[in-house]
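Welcome, and thank you for opening your viewer. Let us walk through this structure one selection at a time.

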Amino acid sequence: MAQCVQSVQEFVQDSFVPMVAVLCSEEAERVTRKNNLNFAELLRPFCRLTSEGHIRDPNNQVQVVKNLRICVNNVVTSPNTAFSPAQRRVLNEVVLSCQPQEGTATNVITAGDCDLNFSATTPWFEAYRENFLQSMPASEHEFLNHYLACLLVVSSTETVPVEQFLKLSQEQHRIQHSGDYTNPKWFIPNTLKYYVLLHDMSEGGEQRADSVYEDMKQRYGHQGCYLLKMNSRTFSAEEDEQIPDPWSQYLHRNNLQSQEVLDDAAVNSAAVENNISAAEGDSHPSTEKGEASNSLESHPLQLDTASSSGSLHTLSAVNPELKKGARDPESLAGGAGSHGASLTLNDHDHIRQFIQEFTFRGLLPHIEKNIRQLNDQLVSRKGLSRSLFTATKKWFGGGKVPEKGISEPKSTCGLLYPPEAPELQIRKMADLCFLVQHYELAYSCYHTAKKDFLSDQAMLYAAGALEMAAVSAFLQAGAPRPYPAHYMDTAIQTYRDVCKNMVLAERCALLSAEILKSQVKYSDAATLLIKMTSEDSDLRSALLLEQAAHCFINMRNPMVRKFAFHMILAGHRFSKAGQRRHALRCYCQAMQVYKERGWSLAEDHINFTIGRQSFTLSHPENAVTAFRQILTNDSRQTATQQGAFLREYLYVYKSVVLGNEDRLPQLPLPCIHSSATRVYFGHERRLAEGEKQAATHVSLDQEYDQDLAAMWCHLEEQLVAAANRGIVPATFQPTQCCLNSQTDNLRFPLAVAEEPIIVEVTFRNPLKVPLALSNLSLLWRFTAEGATPSEEKTTEESAGEAVTNEEALTEGTTPKDDVVTTEIILEFLMGPEETKLARLRLLPHSTGQLNIVGVVYNLAAASSGEPTPSSEGQQALEVMVVRGRQDLKIQGPRLNQTKEDKMLVRHGQDRRLDPIITPPMPLMEVFFLQFPTALLCGEIRKAYVEFCNVSGGALCGLRVASTHPDFFTFGSQTTTPLTPVSPTSAENCSAYKTTATTRQPGSVASETLVSAKDFSQLSGVMEIPIEGGTLQPGESTQLPLWLRGPDQEGVHEINFLFYYESTTKGIKISHRVLRHTVFICASRSLSVQASACRSSVPPHHSVDEKGSGGTLVFVDVENINTSEAGVREFHIIQVSSSSRHWCLHKCINPANDKDCKLTSRERAKLCFRATRCKPHQATSAAVEKYTFADLNLGNERIISSSTPCGDFFFRGCRPPQPQRVDGTSSRTSSTNKSPASDISNIVRKCNELDLNIIVIWKAYVVEDNKQLILEGQLHVALQTIGKEASSLTPKEEAQEMALLKFKAEVPAPVALLSAELSQLIKTNLHYPETYTHPFVQESLCVVPVTLTLSNCSSAPVDVLIDLRHKSSSPESLEVHSSFTWVGQTQYKLQLKPLEVLCLTLRACFLQAGVYNLNTPRVFAKLAEQGAMCETSQQAASPALIIINSARVQPQGDVLGLLD
Amino acid sequence: MAVCIAVIAKENYPLYIRSVPTQNELKFHYTVHTSLDVVEEKISAVGKSLGDQRELYLGLLYPTEDYKVYGYVTNSKVKFVIVVDSSNTSLRDNEIRSMFRKLHNSFTDVMCNPFHSPGNTIQSKAFDGIVSGMMVQTASTV
């Protein structure tokens, strides 16, 4: 229960006050009416006595009467027994008029996870209670509100006042005793009559009044009469004095309330009300509670008509206090605030004095006397009559009592005691005692009476006694006994169930609840109050439920949810009772508990109610907010329900919009996923034009990929670096055509005038009903050039000059096209729960700063597939189109850099929607012709590329960068063959430049010397060789483009980035780029494996040839193509070499007379001899010159040094080489920093071959029953002698079964080194194969053996030759013991680079046999190095010599070659 | 049998509410929501005295005119509420208790599902089945 202004004691005490009736003569009435008041009203503010009174109880104890209030009322004789509908209406008005003020103090209660904000006091409830208790009808069973006394008021202006007094006295007597009137009721038969002479001071004649008063004193005694002088103020003084108006708080409320009623009536009866209820008619929300939903709609309307028709007249008619006054409306309207206008402060004092005099001299003694009298009666009866009474009852009716209870249930409450019944006398005395605050005596009397009534089964009487017993027990100051709560419960139950008297039950409940509250028994109070709610009075139920809710929240453990629930119930009842404001307030308070806690169904219901109530109370803004909540929340409602919500929302929204037209309001639907907004600058790409294929560039259809973006950015960086002489400017920013949530949006994006800006907005329809959007367009603000476009402040400053399309769109007229053209999407339908993208376009025409603010559209509920019940409904749907906007607010990414950022939640800027419009830029389009999608590995194909300048400005500086620079070439300037430029004529031409040669067997390769500079370009970036370097507006040019299939099979994504600049400098955008992505499917063609080894031809043979030593090159070619159907066969038509130092010399294939054909899975081996080419040139400054040697196997020679063969060679083979050297050098330097690194370099150099083999093939392919000839080339780079190289990277096999190594491998640099060093010196032994020696003649046979040492390295080498046997094993000792070297057995020599030295040794044999001569041990070391590096050279295969024992003449020497 | 079964998270938002389809769903939402006050009261009253050795079953929370509301709180403060028609007098306390136990077991299974993210509403066919089994099949009887 809410807190009250009054204390409980005060409240209970004031609920039962002595009643005093007033009878006025007409003249007196006239006098008081000067003050706009009747007499009772005049007295009302002074009815509370400020001083203490005293009374003696029957035992002569003095009882203090404190703070007594009396109630003065005009005598109303109309029957007023029941609680009439009129009275109900008055109560309704009272509650209606008492609304919580704005900004009154509110309580904040934190219970659990809720912070509740609600007003702790409920003045409307108190007002209701006060009015209710005051308008309690007097009833038979209790006397508390029976009149105790009667004031007879006569004016002194009366001709004969005494006569008037007599008349009034008779009148009173007639009313009380004639029996004509059941109302009013009188306490005691001989009612106290108090004679009041009213004297109007303004009318003079004071003496006369005094004399009349004297006369009265004589007649009625000075305690029974009073002369009240008043109206001493003249009207002239009215303006000067400010007199307090004590009546206002008692009477003014009535006027106010009538005003309010008028307002509300006007609101309620507005046409919209009918409209909205009509709109909801067909689909009323099922969330409303059952039957209540109907009355919610119908009832308030009924009430409205009632209150509006009978505004003032009804009020004055129904109000018992106002009735007798019979004031005409105009006087009330005119002098609403001027009560007591003729009264001075002195007069106020007079009145107060009068009341005090009356109470203390008249009323209290009268009561005292009556108590005494009653007490005497009772005491005298107690001994005899009471017992006699009960005895007689026992004798006569004892057996009948239970039977009566059953057979005549009516009599239990309808039992009537005669007025002089002794039980009633007790009750009467109790009431009197209660009124004068003698609660102890009152309690005992009530208690006695209760017993008597109960034994008589007089339930109504008993309940009354119980109630009052409980109250007086509570009010007893000392509290000798606990408060008997069960008395109250019984009383309420009896009133309600047995007597069916809800009014009394309600009074009892109000008292009880208040008392329980004071005893902190909130739970009991709540139960009591909830029990009292019933269907017969919505207002009461509402108020009590609200109080119950307050009880729940005031409990020690506040029950928030119960509070909320009962608030909702109260709100529901309020709305049924027509108390819309209160209903709204209740729902709003309950909302605090349900809000955002997942109870969506309940939340929706509350929101809906709030929305509707707000709307009818003409707070459409609140209504819109509430409805918006329903629609934006993820709702569990059904589709039809949502449809109804939507329609209602649209309706309310429309009425709001009609109110203010200046600015478009925000719409909640559909939801915009603003961070998903993408902005695209530029035209949408044409994908193809005829057979031309356009560059893919960027489009909105692509997904953003972080890696791809990084890749493009890297490419662009390369391009910019190439354009700026290798330096990337500090201000470089990658071009972003399409901005989304993942791109860097910190800067203002740059857009180009006359190029469209496309904004892709993501709409989501959260509802289960379709939505129809129309006239969808972007909302923007434009600031022309000049205003610095930086921060928000500038946009505010320059707001004056900023142009926006808002007004134009609001009015729905055609938007302004002079600055920015706005495209409008006419229809945009969204299905239920659909997410849909809308692409909205702007075309800026002038430079400046553009801000895209939001979207503007018409929203309507789309007519779904369901059949609409009536055409009327259809029409309503069509009307429900509202125009509104939604702002696009994009929050930047959360910052996470500084500590503050991490502690707080900060978001960065997002400038996606604020492009700067720059002057027009050139725009290029790129098309590709005959661009293949599938290639064989290494296949060469020729395609064409076309560059078009589609803008009005010239462009230059065309460049392209690619992720696969080895994939394509534009050809080199110097060596470009004269190929047909137009693609059509080159249909069946070979991509290669060829010359026809007749091929002789064993022909020597033709050699060409080419500088690498002719081909070399920067790694990733190529300048595009267009004529003149610039492309004029509208011009287009076509260039050939050679492509080579990637070496690895599979699908390759190849990215091109074209770069161009404007010819005019100094524009914000320094360059533009165009992206292109192709996917090439590469299928396997040939695999080429090559290896080289030193030919072991003795030096003197090779000396004849060119170079110091020949190298044999073996090329294994295998057809690994898997598609047998497509590719028939491969022909190897040419093998070329390219190197700085070596070149292929001739083909030494055994079967060299045919060109090599390879069908599927076939393998061929080709052998070539390579020679060191032109050493003078190799050592000269022109190191970078490459020798291309072509060995054609067919009839035509392909000039490998020209485009495209040479281009692809340089693209494909060059990059790995430096990389590899870098790798090894870094490795060796890290492992051993000793001079060994030097050695290894030298040694490596000695073994280095650096010969690149180019295998050019032709493939015969059948495709669509046509035979095609495809050409291609494969590269193999032979780095070192002895190592096999392959055209395929052997990665796959190696990686497959790699062992996991848990320990780091210990590097073995020494072993590696010695292995390499062992190759330093090449040794050959020359000796006769068979030697016949006549051992018979000469026992020693000496055979000369020549040891040839050749230094392979380019450094001087020290060589140590040791001929002594150093046998390590016994058997070798055995073998070698048979022969020995004679002569010098150890040589120390130094070999110059590439020197060949012959050493003649002599071997001595003792007997015939077969010997292994290969025993000399050769140690070599580099000349400058220490001994540590000395290594033994290879232990070669045995060199066998056969020594024959000659019997005949020895034959000539035979030279053999054994190795 | 039950007319409404609800699972409410520790933070007092609904994880699962099912009610007999023929009846007013909103009413049950309100009823269940309001019952949380009583649940909280009971927990706070019991929590002081017994600590961990708390009985999960809370018994009858409160009777309304038409329904009886029973409560059950797991150790992780997840609340189960079962609303039963008051006219159904055949239901004993023990049966309600076993219903809650069954519900709890099924709920545990749902929580064990690695694809269920705790705190989200329960979307499980198995759980639905268990709940349906406990509810009155009004569609067939009416």
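You are looking at a predicted model, in which local features need pLDDT of at least 70, side-chain atom pairs count only at pLDDT 80 or more, and totals for chains, interfaces and linings use all residues. Residues are numbered from 1 along each chain as its sequence is written, chains are lettered from A and ligands numbered from 1 in the order in which they are written, and side-chain values use heavy atoms, with hydrogens and water left out.

**First stop: R89(A)**

Select R89(A), which sits in helix α4 (residues 85–97) of chain A. Is R89(A) buried or exposed, or something in between? Buried means under 20% relative accessible area, exposed over 50%, and partly exposed in between, with a 1.4 Å probe and protein chains only. R89(A) has 33% relative accessibility, so it counts as partly exposed.

**Second stop: α22(A) and α23(A)**

Next, show helix α22 (residues 522–531) and helix α23 (residues 538–554), both of chain A; their axes come within 8 Å and cross at roughly 160 degrees. Because of that, α22(A) is roughly antiparallel to α23(A). Axes are lines fitted to C-alpha atoms, for helices over the stretch in contact, and angles run from 0 to 180 degrees between N-to-C directions. Angles under 35 degrees count as roughly parallel, over 145 as roughly antiparallel, 65 to 115 as roughly perpendicular and the rest as oblique.

Contact means heavy atoms within 4.5 Å. Sorted by class, the contact of α22(A) with α23(A) has 10 nonpolar, two polar and no charged residues. In this sorting Ala, Val, Leu, Ile, Met, Phe, Trp, Tyr, Cys and Pro are nonpolar, Asp, Glu, Lys and Arg charged, and the others, Gly among them, polar.

Move to helix α18 (residues 439–455) of chain A, whose axis comes within 8 Å of that of α19(A), crossing at roughly 155 degrees. α18(A) and α19(A) are therefore roughly antiparallel to each other. Among the residues of α18(A) that meet α19(A) are Y439(A), Y446(A) and F453(A), and the α19(A) side includes M459(A), L466(A) and L475(A). This contact of α18(A) with α19(A) has 16 nonpolar, one polar and one charged residues.

**Fourth stop: the nonpolar cores**

A nonpolar core is a set of buried Ala, Val, Leu, Ile, Met, Phe, Trp, Tyr and Cys residues joined through side-chain atoms within 4.5 Å. Which residues touch the most other members of the largest nonpolar core? Within its 176 residues, they are F39(A), L151(A), F354(A), F358(A), F434(A) and Y594(A). Helix α19 (residues 459–475) of chain A gives the most to this core, with 13 residues. Centre on F354(A): leaving aside residues up to four places away in sequence, F354(A) touches F39(A), L43(A), L151(A), Y194(A), V196(A), Y226(A) and L228(A). Another core, of 56 residues, lies apart from that one, with V624(A), V820(A), V855(A) and Y857(A) among its members.

**Last stop: chain B**

Finally, colour chain B by secondary structure to find four helices and five strands. From the N terminus on, they run β-β-α-β-β-β-α-α-α. Chain B has 142 residues, of which 47% count as buried.

How values were computed:
Helix = DSSP H or I, 4+ residues; strand = E, 2+ residues; numbered from the N terminus.
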